[in-house]
Amino acid sequence: MTTVSGWRFRELGSTKWHASLGGEVAEIYPDLIHQREIPDPFIDDNELHVQWVADREWEYAATFTVTDISLQYHQLICEGLDTFTTIYVNDTKVATTENMFITYIIPLTPDILISGTNSLRIVFHQALLKGKQLEKEHFIGKFSNGESSRLYVRKAQYQYGWDWGPRLISCGPYKPIRYEAYNQAISDVYVSTDSITENTAEVSITVELVICKEWQCEILDPNGDTVVFSRSSAPRQSINISSPQLWWPSGSGSASLYTVIVTIPGTGISRTVKFGIRTVELIQDPLPDEDGESFYFKVNSKPIFIQGANWIPPHSSPTKVTDDTVKNLIQLAENGGQNCLRVWGGGLYASDYFLSECDRQGILVWHDFPFACGQYPAYPEFIENVTAEVVCNLKRMRNHPCLLVFAGNNEDYQIAEQFKLEWDRHNHSGDYTNTNFPARQLYEVVFPQQMAKYLPTVPYHPGSPWSGDYPTSDPLRGDLHQWNVWHGTQEPYQHWYKLGGRFVSEFGMEALPSANTLQDCITDKRQWYPQSRLVEHHNKAFGFVSRLSRYVFENLRVDCLDMASWVFATQLMQAECLGMAFKHWRRRWRHRSCGGGLVWQLNDCWPATSWSIIDFKGIPKLAYYAIKRECQPITLGSLRGDDGSNCEIWGVNMTSVSIKKANLVIQSLDINSGKVVDSKKFKVTLLPNQATELTEYKLPSDSVLVHLQLFQSSTELASSFDWPQPLKYLHFSGIKVTTKVEDGIIKLTTNKPTKAVVVSTPTHVVVDDNGFDMVPDLPKIIKAAAIKPGDKVDVTWYAP
């Protein structure tokens, strides 16, 4: 087996070839930038000046070597071609492709190949033109984001432009192409968990072989010790594993991984697969004291509250996404208390590396099939194309224990509602191709059929959001995209407590990225102010000027509008908004009336102002830390009454054991002086894996800061701050925050209640908390592994 490399490219019809960036993959925008044929579209407004690239056809070429032409099977394995191509080997046409998401296996015959060096040439046709031709043959679909012709093209939809990303319709061999030659082979290995008991797990191993019939397997436990050795001539074998080490999501246990090595005896041919022993269930049952149904997940029969974020492609050009970028983003999510990432439906199928990292770090994956915000077709050729895509990717992905659920699409049912398409929610006939919402055939028939056949151990949900026979906005059933903060009715974010759902798979708030990230993409320093043309070009959200300003000015006092102040103001507002959402929705875990929340969005695909909580350069915004504080295993929460006279207080314990005879300490502080004006202490018990209502506290005044602490003996288990809202009405004066830098830590103290303390260093040292609140006589210790005495540390805070 060899992997094709050394790509070169040219515009179709040109005689001049250019060297690609190098390596095993290639893509037109990075290659044109490399050759200085176009400017970097991420800089300034260069995006507008490179749109011509999508209106051309491009050609890529490379070579591969055949060493033994006598072998029985020869093939090219094309893992990813974007998108419409014609493929030539030694100038003989061998295949065409039409789907970015399919791994195409192209058989090659001896009359095409030669011993030694063989040429490979791929013509990439215009996806934009092909989409428009298909659209003309069928119908112009309703959509939001991008353009309508994308609905006919099995290509990453976000490349057509989205409300957080640029329009860069790319092409190229964006995944590796391998040449393989063999007489016999192992083509697939699938390991599934059939059942788990207290002392035993039953797993099934399904093996697909070429020519040979007998195989053997060795299973290694997470420590590398052999626990099973077996031989079989059947395609499927059930195996019992004693004392299994289960795979658990982060926060619930160890993400234990086993290894299976399948071998064809006497040949040296083998295939190695990592797998986890775990079960997953989606629970949708009537609730005893509420209308509607639950929507939560069990892993290994244990209810798990899902807390995490939505994942979009980390770059507009997939070939620019490095393993380090993926690893670091997943690590940030896990470090931030998150246990789930939703692979959103307008991007790509999750890569093998992404899934392996989620397996390793214990991050569950909600995975949309890649359909988003549109009225997709479902004519026979399209269904055949999509079915092949789904089968290909389910087989590729199915060994990963991180997979939690597959959803049929992102917001396509909302499009049906918005444009009043023919969607009879009570029609479950299974034939929808003659309606103007024909893609139901995919979401409600094709996809569940393929899931049942290839990945029956993972739940399937027809869409996101989707509430069965009820509207997609129903908060009592299914999952919900709660956009009435920012979009919709633009509710105050203080209303999150009444804006939840059974499972909130999208909600969010915009904020600017770090000043450092913006400075790298805006070269004209005359544009360095919040309302400049280039700053606004790097925000693709509809109506962002008024909406972002509204949420900032409704909640914060803003004395100046320089860039540093605006970055801080938007990030503080976003942090307050998103932290509140998780605080209130975790409270509802007590009766399983809310099964989780996934913030929109974790990351960015280019340097921009967006809903992300980690910017394009991987720098966490303040909201990342606010969410982290609310997603700890043990937390405290509070909600002031409308009249400001009382405060409901609860605790959340996501661990598996009760917290008994803990001390709940409630202090009310005067914000200006820092004086404690009231203090209460209670003995409380927090039940396991749920929220517990603790007390209703009478406020001495509606203007005090309420500080909550939970202790067991002298150990603080949790802490929380409840400030009067909105923050813009508060007055601060005479605050002094001191810092002391030691090896790996920063110690801070303050003389008065202080809101949103931000620690920064010139070298952007990673800290474990930021944008935190402080009170007198309670030092704050920040962990920063790379910090050492003498390093410069800057501290700012909200101080209107």
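**View 1. Residues 735–785, listed by UniProt as "domain: Beta-mannosidase Ig-fold" (unreviewed entry).** In this predicted model, the stretch 735–785 is 51% strand and 0% helix, and its end C-alpha atoms lie 28 Å apart. Helices (H or I, at least four residues) and strands (E, at least two) are DSSP runs, numbered from the N terminus. UniProt positions follow the numbering used here, feature names are shortened, and annotations may be inferred rather than shown by experiment.

**View 2. The salt bridge between Arg398 and Asp188.** A salt bridge is a side-chain nitrogen of Lys or Arg within 4 Å of a carboxyl oxygen of Asp or Glu. Here the closest N and O atoms are 2.7 Å apart. Arg398 sits in the loop between helix H5 (380–397) and strand E26 (403–407), and Asp188 in strand E13 (residues 185–196), so the pair ties together parts 210 residues apart in sequence. Both Arg398 and Asp188 are buried (under 20% relative accessible area; exposed is over 50%, partly exposed in between; 1.4 Å probe, protein chains only).

**View 3. The salt bridge between Lys680 and Asp678.** The closest N and O atoms are 3.1 Å apart. Lys680 is partly exposed, at 35% relative accessible area, while Asp678 is buried, at 18%.

**View 4. A network of Arg10, Glu59, Asp91 and Arg121.** Salt bridges that share partners join these residues. The whole structure holds 42 salt bridges.

**Notes.** Residues are numbered from 1 along each chain as its sequence is written, and side-chain values use heavy atoms, leaving out hydrogens and water. Local features need pLDDT of at least 70 and side-chain atom pairs count only at pLDDT 80 or more, whereas totals for chains, interfaces and linings use all residues.
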